Amino acid sequence: MDGMSDRGRSPGPADHRHEDRSGGDVAPERSVAVRPATMPVPPVDAAPTGADLVAAEWLFGDRLSLAVTYAELLIGDGVLRGLIGPREAPRIWERHLLNCVVVAEIIPRNARVIDVGSGAGLPGVVLAVARPDLSVVLLEPLARRAAFLTEVVAALGLDQTTVVRGRAEEWVQGGRDDRAGIATARALAPLDRLVAWCLPLVVEGGSVLALKGESATEEVATHRDVIARLGGGTPAVRRCGVGVIEPPTTVIEIVRERAVRTGAPAGPRRTRGRPRSPA
Ligand SMILES: C[S@@+](CC[C@H](N)C(=O)[O-])C[C@H]1O[C@@H](n2cnc3c(N)ncnc32)[C@H](O)[C@@H]1O
């Protein structure tokens with residue numbers, strides 16, 4: 001599945017889960033082989049080309065050069081530090097940046113967004129780049145990833161973006177009351193666990209946006225009752241980027257209709273297995 005030959009297949013987060021096969025759980029900090037300074041990194045141009053360029057110009061507008069800088073960081077340092085697989089480098093636009101940025105179309109102006117399990121910044125950094133009106137929190141428990149995110153935010157000058165090292169469950173338990181209007185999550189966990197983690201982070205009337213793949217409709221059917229018990233409304237499956245990217249990104253949107261007491265037995269039992277995600 002290397003290279004661009006699989007264009008048309010669902011793009012998405014699962015494709016770099018080689019670094020986290022724990023099903024969305026916190027993966028242990030891996031020791032990363034240090035590439036000797038003399039060993040060349042295969043050259044990959046960070047700038048989009050062809051159809052990706054057309055879509056990127058449309059979606060990022062005058063923020064495109066900032067997006068290219070982020071792509072450079074991902075395929076450079078991100079690969080060297082084991083946050084992105086080397087096979088992702090040639091398809092960083094198609095499967096990652098473009099797959100994420102289209103979600104901006106369903107995020108209201110000036111929203112506060114918490115990106116849960118941001119990893120190397122997907123989709124949180126992409127949204128912050130494309131939408132300077134948003135204030136974005138990148139929530140990520142693993143030190144190595146949080147450190148990379150902090151460097152990226154500084155390098156890109158994203159002054160409305162902050163990095164918080166921690167788990168979603170700790171956010172509310174820790175007494176934080178700074179909930180957001182939107183929580184995003186990509187390749188985080190199966191939908192029931194994802195909603196249990198993310199719904200408490202948004203205000204009532206706010207939404208969880210879960211970037212998923214072809215499994216979305218099936219996941220919604222499976223977890224509808226749990227979502228309702230967690231205080232979520234009827235999930236809506238949305239397709240973002242229709243007519244701009246192929247395939248469009250599938251997003252499950254769940255509005256927080258009511259608050260449910262933290263720790264109440266409404267939550268799902270832990271689901272074993274890998275998160276259901278695009279690809
Ligand atoms: C498979 S990675 C996906 C990263 C990124 N969202 C993407 O699409 O590339 C899942 C991320 O979720 C983080 N994570 C796992 N459990 C979490 C939790 N309870 N709260 C917040 N983040 C979590 C992991 O550390 C990891 O970085």
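**Close-up views of a predicted model**

**View 1. Strand β4 and its partners in the sheet.** Six bridges connect β4 with strand β5 (residues 202-212), and the two strands run parallel. Helices and strands are DSSP runs numbered from the N terminus, a helix (H or I) having at least four residues and a strand (E) at least two; two strands pair if DSSP finds at least two bridges between them. In β5, L211 is the residue opposite R186. Strand β1 (residues 112-116) is also parallel to β4 and is joined to it by four bridges, with A185 of β4 as the bridge partner of V116. Strand β4 (residues 180-186) is largely enclosed by the rest of the structure, because six of its seven residues are buried. A residue is buried if 20 or more other C-beta atoms lie within 10 Å of its own, exposed if 12 or fewer do, and partly exposed in between, with C-beta atoms placed from the backbone.

The structure is a predicted model, in which local features need pLDDT of at least 70, side-chain atom pairs count only at pLDDT 80 or more, and totals for chains, interfaces and linings use all residues. Residues are numbered from 1 along each chain as its sequence is written.

**View 2. The open sheet.** Seven strands form this open sheet in the order β3-β2-β1-β4-β5-β7-β6, and their pairing is mixed. Its edge strands, β3 (161-164) and β6 (236-240), each pair on one side only. On average, neighbouring strands are turned by 25° against each other, direction ignored. Axes here are lines fitted to C-alpha atoms, for helices over the stretch in contact, and angles run from 0 to 180 degrees between N-to-C directions.

**View 3. Helix α7 on the sheet.** A right-handed β-α-β unit is made by β4, helix α7 (residues 191-198) and β5; right-handed denotes a path from the first strand over the helix to the second that runs clockwise when the strands point away from the viewer. Helix α7 packs on the sheet, where it touches β1, β4, β5 and β7 (249-255), and its direction makes about 145° with that of β5. Two residues are in contact if their C-beta atoms, placed from the backbone, lie within 7 Å. Eight of the eight residues of α7 are buried, among them D192, R193 and W197. The elements covering these buried residues include α6 (168-173) and α8 (216-229).

View 4. Helix α2 (residues 64-80) has 17 residues and reaches 24 Å from its first C-alpha to its last. This span is close to the expected 24 Å, which is 1.5 Å times one less than the number of residues. A kink of about 30° in α2 is centred on L74; the bend at a residue is the angle between axes fitted to the seven residues ending there and the seven starting there. L74 is itself buried, and the other buried residues of α2 include A67, Y70 and V79. The buried residues of α2 pack against α1 (50-60), α3 (92-101), α4 (124-130) and α5 (143-156). After α2 comes G82, with a positive phi near 75°.
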